[in-house]
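Have the sequence and the 3D view open, and try each task before you read its solution.

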Amino acid sequence: MNLTINDLALIYPEQLFLEFSQQQREKIWHETQQHRYDNATARWRSYLNYLCTITVLEYLLDYIKNETDLPSQNLKIWQENDLCSIWNLVNGTAIELDTAKFILIPHEDKDFSEFKVPREWVDLPQWVGNYYLSVEINLSECWLRICGYTTHQQLKEIGVRDFTDETYSIAVEELTEDLTAMWMGIELFPIAKPVVEALPVLSETEIEGLVKTFNQSNFFSPRLDVPFRKWGAFIDDDTRRKQLYQQRQTENRSDVITQAISKAAVNLGQWFESAFETGWQSLD
């Protein structure tokens with residue numbers, strides 16, 4: 001049974017549901033195609049993050065202006081000018097409000113039992129956040145819901161680290177659905193940046209070796225090709241992360257699927273209505 005956004009709002013009264021238009025959905029899809037990514041997976045990840053970020057940011061601006069005493073002009077997207085270099089590698093977007101940092105982790109899972117956060121957002125000094133929000137996106141119905149949030153402390157204390165994909169996960173039952181407590185904490189108390197273990201200092205020889213390894217890696221994100229602490233030490237440096245993105249694009253590593261998506265004039269709206277052009281068909 002397909003539940004509408006109104007049905008879900010009744011079932012989950014403490015969760016936040018936000019709608020976006022079909023025009024916005026398709027506009028962001030076409031804007032995503034203007035940037036180059038390593039593969040179709042990275043492009044789709046970028047699309048979901050872009051749509052999630054724009055929709056949530058609009059809500060935050062309105063909420064902060066009307067419901068809090070916080071300065072809305074201090075709300076900003078972390079690394080806003082270099083999001084492609086992040087989304088090409090890792091899922092998630094960071095939004096900052098003064099000293100508080102929110103990490104948005106979008107997904108399309110309708111029924112999920114755990115909230116998974118890439119380790120970069122938890123263990124890298126420049127990336128680390130205070131609050132981590134699980135955001136489900138329903139593209140066909142044009143809405144998203146913030147299923148709940150957790151904190152950096154909770155992820156480190158009760159989260160389960162998966163060494164196979166370098167993520168931290170926490171059971172859905174452990175998420176706080178009502179965002180009121182989060183906002184009260186931000187308004188009433190100073191928010192300190194979480195302290196994480198220092199990363200190793202890479203030598204020039206190590207950096208050169210890592211660059212060579214990353215540029216020779218397969219079409220997917222190279223984040224699992226080397227020990228995480230070395231990977232983290234490399235991309236925690238903004239300049240090196242940007243250079244890696246540029247080099248991988250220069251090497252023309254886009255796979256066949258990505259090239260097809262980039263070149264084809266795909267009407268995404270038709271896909272959501274189960275109307276496909278010749279050569280495409282539904283997974284069903």
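**Exercise 1.** Leaving aside its neighbours within four places in sequence, which residues is Tyr131 in contact with?

*Solution.* Start with the ground rules. This is a predicted model, in which local features need pLDDT of at least 70 and side-chain atom pairs count only at pLDDT 80 or more, while totals for chains, interfaces and linings use all residues. Residues are numbered from 1 along each chain as its sequence is written, and side-chain values use heavy atoms, with hydrogens and water left out.

Step 1: Contact means heavy atoms within 4.5 Å. Step 2: Leaving aside neighbours within four places in sequence, Tyr131 touches Lys101, Phe102, Ile103, Tyr149, Thr150, Thr151, Met182, Ile186 and Ile191. Step 3: Compare sequence with space: Tyr131 and Ala100 are 31 residues apart in sequence, and their C-alpha atoms are 8.0 Å apart.

**Exercise 2.** Find the element that holds Tyr131, and decide how enclosed that element is.

*Solution.* Step 1: Tyr131 belongs to strand E6; helices (H or I, at least four residues) and strands (E, at least two) are DSSP runs, numbered from the N terminus. Step 2: Tyr131 counts as buried because its relative accessibility is 10%. Buried means under 20% relative accessible area, exposed over 50%, and partly exposed in between (1.4 Å probe, protein chains only). Step 3: In strand E6 (residues 131-138), 8 of the 8 residues are buried, so the strand is largely enclosed by the rest of the structure.

Step 2: Look at the two faces. In a regular strand the side chains alternate between the two faces of the sheet. Here Tyr131, Leu133, Val135 and Ile137 point one way from E6, Tyr132, Ser134, Glu136 and Asn138 point the other way, and all are buried.

**Exercise 3.** Which strands pair with E6, and in which direction do they run?

*Solution.* Step 1: Two strands pair if DSSP finds at least two bridges between them. Step 2: Strand E4 (residues 100-107) is joined to E6 by 6 bridges, and the two run parallel. Pro106 stands opposite Val135 in E6. Step 3: Strand E7 (residues 143-151) is joined to E6 by 8 bridges, and this pair runs antiparallel. Tyr132 stands opposite Thr150 in E7. Step 4: E6 and E7 form a hairpin with 4 residues between them, and Cys142 in the turn has a positive phi of about 60°.

**Exercise 4.** What lines the largest cavity?

*Solution.* Step 1: On a 1 Å grid over the protein atoms alone, a cavity is a set of points where a 1.4 Å probe fits but cannot get out, and lining residues have an atom within 4 Å of a point. Step 2: The largest cavity is lined by Tyr59, Leu60, Phe102, Leu104, Leu133, Leu179, Met182 and Trp183. Step 3: Helix H3 (40-67), E4 and helix H7 (180-188) are the elements that give two or more residues to this lining.

**Exercise 5.** Is Thr53 buried or exposed?

*Solution.* Step 1: Thr53 sits in helix H3. Step 2: Thr53 counts as buried because its relative accessibility is 2%. Step 3: Leaving aside neighbours within four places in sequence, Thr53 is in contact with Ile77, Trp87, Thr93, Ile95 and Leu104.

**Exercise 6.** How many helices and strands does the chain have?

*Solution.* Step 1: The chain comes to 12 helices and 9 strands. Step 2: Of its 284 residues, 51% are buried.

Notes. 1 Å grid on protein atoms, 1.4 Å probe; cavity = no way out; pocket = protein on both sides within 12 Å on 5 of 7 lines; lining within 4 Å.
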